Amino acid sequence: MQRIQQKKHGSIRDFYAAAILTGCLTIFLCLLWVIHPDLIFGSTMDWNNQHIIFPDYFRSRFYQTGQLFPNFASAIGAGQNIYEFTYYGLFNPIFLLSYLLPFVPMMDYIQCSSILLIWGSGMLCYWFCRQHFSERIAFVCGFLYLFSAPLIYHGHRHLMFMNYLPFLFWALFAVRRCQTHHHVSISLILASVCILGCSFFFAVGSFLTIFLYAWFLYLQESGLKKSFLLRILVHLFFAGMLCMCFLLPTALALLQGRSETHLDKKFWLEVFVPTVQLSYFFYQPYGVGLTITGLFALLVGCWTKKKAVRFLSVILLLLLCLPMLLYLINGFQYLDGKAYIPLLPLAILVYGFFFQSLQTKQIPWNTILPLFVLLLASGFFFAWNMLHGSKRWIFLGLTIVETILFLCLLQPWRTPKMPNNWKRILWMACSMQLVYSFLLNVTDHTLLKQECLQQYQNADIDTLWKQTTEQDDSWYRVYNATQPYATANQTQQGTCFLSTVYASVQNKTYSNFYYHQLFNETSIRNNAAVDAVKNLAYHIWMGDKYRLDFKGKTLFGYEPKYTSGDYCVYENQYALPIGYATDRWISMDTFQQHNEAEQVLDLLSGIVLPEQVADTEMKQPKSLQTISEQEIESVLQTIEQEFPVTRNGETLLISTEQPMTKTISLPKSCAGKLLLLSMEVDNTVVANSDDVFIMINGIKNKLTAPSWKYHNQNYHFTYLLSDVTDTLELSLSAGTYQVSNLHGYTLPETVLEQAVQQVTPLETTAEQVRGDTISGTITTEKDGWFVLSVPYDTGFTVTVDGTETAYEKVNLSFLGIPLSAGTHKIVWTYHAPGAATGKKITLITAGILLLWVGLSYGIQRKQSERRILS
C-alpha cells in the first residue's frame with residue numbers, strides 16, 4: 001500500500017513538472033510573439049525557400065501522380081533526380097502525415113508541427129531523465145533541454161536539425177527496454193527508421209547517440225552481457241537496410257550531385273590538431289547548445305567513480321577536443337558543430353549526474369577546478385580566433401558572466417554551513433540557459449515577418465500564376481523576378497515548372513553549365529543555388545517563357561500579359577521550347593576551341609554535339625564583335641577618374657570604405673546590341689577580406705570572403721547586358737580588391753529572335769510531364785537532332801515511336817537523340833539510379849525481419865511454457 005501511495009505521489013509530481021515545462025515554453029513563445037507581433041514561426045534563412053517549399057512540392061506531386069516512391073522532380077531545377085532532395089524531407093514521417101491533410105497549407109502545418117515537436121521532445125526528455133534521476137533533477141534536465149540553443153532556434157530556422165529528436169528519444173527508451181526483453185525490438189527499429197526518414201545526415205549522430213547510450217547501460221548494469229551491444233547494432237543495421245528503398249538512390253545522387261568543398265592547408269590543420277572548441281557544445285545554436293556549466297559537468301563526470309558516467313563524459317570531452325571526430329560525423333564534408341546536435345540527450349544525462357554529485361558533494365575540487373580554468377582559457381583562445389563579430393562577444397560575455405556566478409555560488413556551497421546551496425547552482429544553470437535562448441531567438445534577424453512573406457506569397461501572385469497556367473497548358477518554365485532567390489524552388493503546388501533550384505545537392509552537370517556558360521552572373525554567397533539571373537539569353541535558352549515582376553516595367557524582349565495588384569506576368573517573346581528539333585549543330589571539339597563569348601553565339605545558333613556523333617557542322621555567324629583594346633583603355637581611364645582606384649597597367653586595385661555608384665560613358669554606343677563583359681576579381685590581396693561585388697546596370701556579381709565555408713569561387717565576373725545605350729551604371733562594393741583582364745564583346749540583338757526561328761518545337765502539355773515521364777509528338781522536315789533542355793542523367797530511357805533509342809549529352813549538359821524527318825512520338829522515362837535495387841533490399845530485409853520476429857517470439861513462448869511446466 002505504501003509503495004502504491006509513493007508511486008501515485010510521484011506521478012502527480014511528474015504531472016506538475018510536465019505542466020510547468022509546458023507553461024514555460026508557452027510563456028516563452030508568447031513573449032516572442034509579443035516582441036515580434038507579425039512573426040511567422042519561420043525564417044528567411046532557408047526555411048522560406050527550402051524547408052516549407054520542398055515538402056509542399058512533394059505533397060503536391062503525390063496528389064498529382066499518386067506516386068509514394070517518385071523518381072523525377074520535373075518542376076524543379078529544369079527536371080532532376082528527386083532523390084537529390086531527400087535531405088528536405090522526401091520520406092520524413094512528419095511530412096508524410098500531412099498527405100492526409102490536403103486542406104491544411106504546408107506553411108501552417110510545418111509551423112504547428114515544429115512547435116509540437118519542440119514540446120513533445122521536451123516532455124520525452126523529462127521522462128527519459130526521470131528513469132535516472134529524481135523529479136527535481138529530471139525537471140531541471142528537461143528545462144535545460146527545452147531551452148537549449150538549437151531546439152527552438154532551429155524549430156523556426158532549419159527543421160531537419162531538430163525534427164528527428166522525438167524519434168531519438170523513442171529509440172533511447174527502446175534501448176533501455178532491450179535490457180530486459182531479449183526478443184526483437186520492433187520499437188527500436190521503427191524509431192531508427194523514422195530518424196533516417198527525418199534526416200539521413202543527422203542519423204549518423206543519432207545512431208552514435210543510441211549506441212553510446214547502450215554502452216552506458218552496459219557499464220551501469222552489471223547483469224548485461226556484451227551481446228546486448230551487438231543486439232543494438234543489429235537493430236540499427238536492420239533499420240538502415242529497411243530504408244534502402246530511399247537511402248541507396250539518395251547515396252548515389254549525393255555522389256553525383258554534391259557541390260565540391262574547397263579545402264586548403266589551414267582547414268586540414270584545423271581537422272587534425274586537437275583544440276578546445278567550446279562553441280561546439282556551449283552557447284551556440286549550431287552545436288549542443290548548453291551553457292558553460294556543462295564543461296564543469298563533463299570534468300566532474302570524468303573523475304566520478306561511476307564508470308558508466310565516466311565513459312560518457314570522456315567520450316563527449318574527446319568529441320569536444322578532437323575536430324577529426326567532428327569531420328567524420330559531418331560525412332567528411334566540413335567542420336560544423338551542427339552534427340553534434342543529436343548528442344544533446346547524452347549531454348543532458350551527464351548534466352543530471354553532475355547535479356547528483358553536487359547534491360551528494362562527491363566532487364574532487366582540487367583536481368576539477370584547475371582543469372576547468374585551463375580548458376576555459378583554452379576555449380577562450382580558440383573562440384577568439386574562430387568566432388567573429390557579435391557571435392564572439394555574445395559567447396565570451398555569457399561565458400564570463402556564468403563562470404563568475406558559478407564560482408561565487410560554488411565557494412559557499414563547499415562549506416558545511418550551507419548544505420542546500422547546490423539548488424542555487426541548478427537554478428543559475430536554468431536561468432543562464434533561458435536568458436541565452438531568449439536572446440538568441442528574439443535577436444534573430446532572420447525571423448520571418450508577415451510583410452516579408454507578402455513580397456512573394458500573396459493572393460495577387462497566386463492569381464497571376466493560376467491565370468497563366470489555365471490560359472497556356474503547354475510545357476514551359478517560369479520565374480519570379482521580384483524575389484528570385486526566395487522563390488527558386490516555388491512551384492505553386494507543382495503547377496509551375498522552374499529552371500531554378502536552391503539545394504545543397506543538385507545535378508552537378510546542370511549547375512556547372514549555369515555557372516560557366518552564357519555569361520551568367522553569380523550574385524549570392526554560395527554555389528548551391530541556380531536562381532533566376534538577369535541574363536535574358538539564359539532565360540531564352542532554358543525556355544523561361546513567363547516572368548513575374550512588378551507592373552509598369554518596360555523590359556527588352558518581354559510583353560506584359562496579365563496584371564493583378566502590383567504585379568504583372570510578362571511573356572518572353574524569344575523563349576525557346578523546352579523540347580525541340582534542329583538541323584544545326586557544332587562539334588564539342590570546335591566549341592572548346594572558341595572563347596567564352598563565341599561559345600554563347602554557338603549555343604544560340606545551334607546545338608553542341610559530342611565529337612563522335614557530329615559529322616557535319618554549321619558555320620558560325622560572323623556577328624560577334626570584340627571591343628578593341630583602345631575602347632577598353634578608355635573605359636579603364638574613366639573608372640580611374642570616377643572611383644578611388646590605383647592603376648597598374650590593365651589591373652585596377654580598388655579600395656573604398658563605402659559602396660560607390662557612378663554612371664560611366666562608353667566609347668561607342670551599344671544600341672541594338674547585347675554587351676558581354678568579363679573580368680577577373682581577387683579579394684585575397686589583403687588579409688581578412690569581406691565579400692565584394694561589382695554591379696553593372698543592376699546585374700551583380702559577388703565574390704565571397706576567403707574565410708566563408710561555402711565559398712562561391714566566383715573569381716571570374718561575367719555580364720550579359722541587353723537594352724544598352726551609350727552609358728553604364730557601375731556600382732563597386734566597399735573593400736579592397738583587384739580587378740584585371742577586362743574584356744568586352746557585342747552581339748546583335750537579332751540573334752535572340754533567330755534562335756527560336758531555327759527550331760521545331762515538341763508538341764506536349766504540362767500534364768504529360770508531371771510524373772516520371774515526358775512525352776510528346778514532333779514533326780520535322782529534315783533529319784537532325786532532338787534536344788530536351790533537361791539536365792543530363794544516366795537514369796533516362798527514351799523511345800521513339802515505341803523503339804528504344806540511345807541518347808547523348810548535348811549542349812554540354814542536356815539530353816539529345818538523333819531524329820529522322822517525319823512525325824514521331826517521343827517518350828522519356830526516368831528511373832532514379834539505385835531506386836529499384838534499394839526497393840528489393842528493403843523487401844528482402846522486411847522478409848528476414850518478419851522471420852526473425854516469428855522465431856524470436858516462438859522461442860520465447862517455448863521457454864515460457866517450459867518454465868510453467870517446471
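A cavity, on a 1 Å grid over the protein atoms alone, is a set of points where a 1.4 Å probe fits but cannot get out, and its lining residues have an atom within 4 Å of a point. Helices (H or I, at least four residues) and strands (E, at least two) are DSSP runs, numbered from the N terminus.

Two words on the source. This is a predicted model, where local features need pLDDT of at least 70, side-chain atom pairs count only at pLDDT 80 or more, and totals for chains, interfaces and linings use all residues. Residues are numbered from 1 along each chain as its sequence is written, and side-chain values use heavy atoms, with hydrogens and water left out.

Cavities, then. Rolling a probe the size of a water molecule over the atoms shows where empty space is left. How many cavities of 30 Å³ or more does the structure hold? Seven. For volumes, grid points are joined across faces, edges and corners, and the volume is the space filled by probe spheres set on the points.

Take the second largest cavity. It has about 80 Å³ of space. Its lining counts 13 residues, and nearest the centre are L603, L604, G606, A755 and V759. Two elements give two or more residues to this lining: β11 (579-582) and α26 (596-605). Which of them gives the largest share? It is α26, with three residues. Now the classes. Ala, Val, Leu, Ile, Met, Phe, Trp, Tyr, Cys and Pro count as nonpolar, Asp, Glu, Lys and Arg as charged, and the others, Gly among them, as polar. On that count, the lining of the second largest cavity has eight nonpolar, five polar and no charged residues.

Now the largest cavity. It holds about 100 Å³ of space. There are 13 lining residues, and Y479, N480, T487, Q490 and L498 are the closest to the centre. Strand β5 (residues 477-480) gives the most to this lining, three residues. The lining of the largest cavity splits into eight nonpolar, five polar and no charged residues.

Next, a pocket. A pocket is an open set of points with protein on both sides within 12 Å along at least five of seven lines. The second largest pocket has about 720 Å³ of space. Its lining runs to 29 residues, with K534, R547, N697, G698 and I699 nearest the centre. The largest share, three residues, is from β20. What classes line this pocket? There are 15 nonpolar, six polar and eight charged residues.

On to helix packing. Axes are lines fitted to C-alpha atoms, for helices over the stretch in contact, and angles run from 0 to 180 degrees between N-to-C directions. Angles under 35 degrees count as roughly parallel, over 145 as roughly antiparallel, 65 to 115 as roughly perpendicular and the rest as oblique. A crossing is left-handed if the near helix is turned anticlockwise from the far one by less than a right angle, and right-handed if clockwise. Contact means heavy atoms within 4.5 Å.

Start with helix α5 (residues 106-130) and helix α8 (residues 165-177). Their axes come within 8 Å and cross at roughly 20°. So α5 and α8 are roughly parallel to each other. The crossing is left-handed. On the α5 side, the contact uses L117, S121, L124, C125, W127 and F128; on the α8 side, L165, P166, F169, L172 and F173. That gives 10 nonpolar, one polar and no charged residues.

α8 also meets helix α10 (residues 200-220). The two axes come within 10 Å and cross at roughly 25°. Therefore α8 is roughly parallel to α10. This crossing is right-handed. From α8 come L168, A171, L172, V175 and R176; from α10, S206, T209, I210, Y213, A214 and L217. By class, the α8 and α10 contact has eight nonpolar, two polar and one charged residues.

Last pair: helix α15 (residues 307-321) and helix α17 (residues 344-360). They pack at about 130°, with axes 10 Å apart. So α15 is oblique to α17. The crossing is left-handed. V309, L312, S313 and L316 of α15 meet L346, A347, L349, V350 and F353 of α17. This contact has eight nonpolar, one polar and no charged residues.
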